Amino acid sequence: MQQRTTGLLGFRRRWRVACLLAASLMLAGPSAHATVQVLPEMTLKREGRTITGAKAIRADQTMQDILTAFDRAEHALERQDLSALMQFYASGYNYHGLHVADVERIWGEVFEHYRALSSTHLFSEMKVVQTEEGTRVELTCTGGLYGTEAQSGARITLDSWFQEVHYLVRDKNGWRFLGNRGDAPRSAPFSSSPHHPLF
């Protein structure tokens, strides 16, 4: 019973930290600068072990490689370099039937209508999982995608997510985005595909 209570308190603390950071980002407004951050309460689970503490997690080689992959994607996003951004996606990418070609088309539309794009990624948990296909990372992330409308010049939030689980796989060129866990929105028509699949 004590272990369950301690686990619940830890979950509540991580949840509270993520909520506070997400709220502070929303109140501060979307900036034109990217944020990719390991939250102080983050946990890393691998081979039955749990690592805590931002410093220890940042020292993990897999975490360093994941942060490098997200940083490369952010730089491509800021430059609106579609071909460089698409290198972040695994060839087997699939999110509720959206594949790499769909993602490329949607990003092309985003780049056409928005400028000064940036996103925020706050990581709260990472699980390293061994599958038949190889190593996969399940990365829990809270964040948002922001841009300035080309026509009006208004700075807006294009999308936001809370505790979304990103799946990543490694190939010879590094870690790539394979998809997300979670249900696709039921109310959005296909022509206005959600940005969740994109980042």
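This is a predicted model: local features need pLDDT of at least 70, side-chain atom pairs count only at pLDDT 80 or more; totals for chains, interfaces and linings use all residues.
Helix α3 covers residues 61-79, strand β4 covers residues 134-149, and the aromatic cluster includes Phe 70, Phe 88 and Phe 177.

**Helix α3**

- Helix α3 has 19 residues and reaches 27 Å from its first C-alpha to its last, close to the 27 Å expected at 1.5 Å a residue.
- Just after the helix comes Gln 80, with a positive phi of about 55°.
- The buried residues of α3 include Thr 62, Met 63, Ile 66, Leu 67, Phe 70 and Glu 74.

- Strand β4 is mostly covered, as 12 of its 16 residues are buried.
- On one side of the pairing story, β3 (residues 114-131) runs antiparallel to β4 over 15 bridges.
- A hairpin of two residues links β3 to β4, and Thr 131 stands opposite Gly 134 in β4.
- Strand β5 (residues 155-171) also pairs with β4 in the antiparallel sense, over 12 bridges.
- Gly 143 has Trp 161 in β5 as its bridge partner.
- Five residues lie between β4 and β5 in their hairpin, and Gly 153 in that turn has a positive phi of about 80°.

**Aromatic rings**

- The count of aromatic pairs comes to eight.
- One of them joins Phe 88 and Phe 177 in a tilted arrangement, 5.7 Å centre to centre with 35° between the planes.
- Phe 88 lies in the loop between α4 (82-86) and α5 (100-113) and Phe 177 lies in strand β6 (residues 174-181), so this pair ties together parts that are 89 residues apart in sequence.
- Both Phe 88 and Phe 177 are buried.
- Tyr 89 and Tyr 93 form an edge-to-face pair, because their planes stand at 85° with the ring centres 5.3 Å apart.
- Tyr 89 is buried at a relative accessible area of 5%, and Tyr 93 is buried at 0%.
- Phe 70, Phe 88, Tyr 89, Tyr 93, Phe 123 and Phe 177 form one aromatic cluster.

**A charge over a ring**

- Arg 136 lies over the face of Tyr 167, at 4.4 Å from the ring centre.

Note on methods
Residues are numbered from 1 along each chain as its sequence is written. Side-chain values use heavy atoms; hydrogens and water are left out. Helices (H or I, at least four residues) and strands (E, at least two) are DSSP runs, numbered from the N terminus. The expected span of a helix is 1.5 Å times one less than its number of residues. Buried means under 20% relative accessible area, exposed over 50%, partly exposed in between (1.4 Å probe, protein chains only). Two strands pair if DSSP finds at least two bridges between them. Rings of Phe, Tyr and Trp (its six-membered ring) pair if their centres lie within 6.5 Å; planes under 30 degrees apart count as stacked, over 60 as edge-to-face and the rest as tilted. A charge sits over a ring if NZ of Lys or CZ of Arg is within 6 Å of the ring centre and within 35 degrees of the ring normal.
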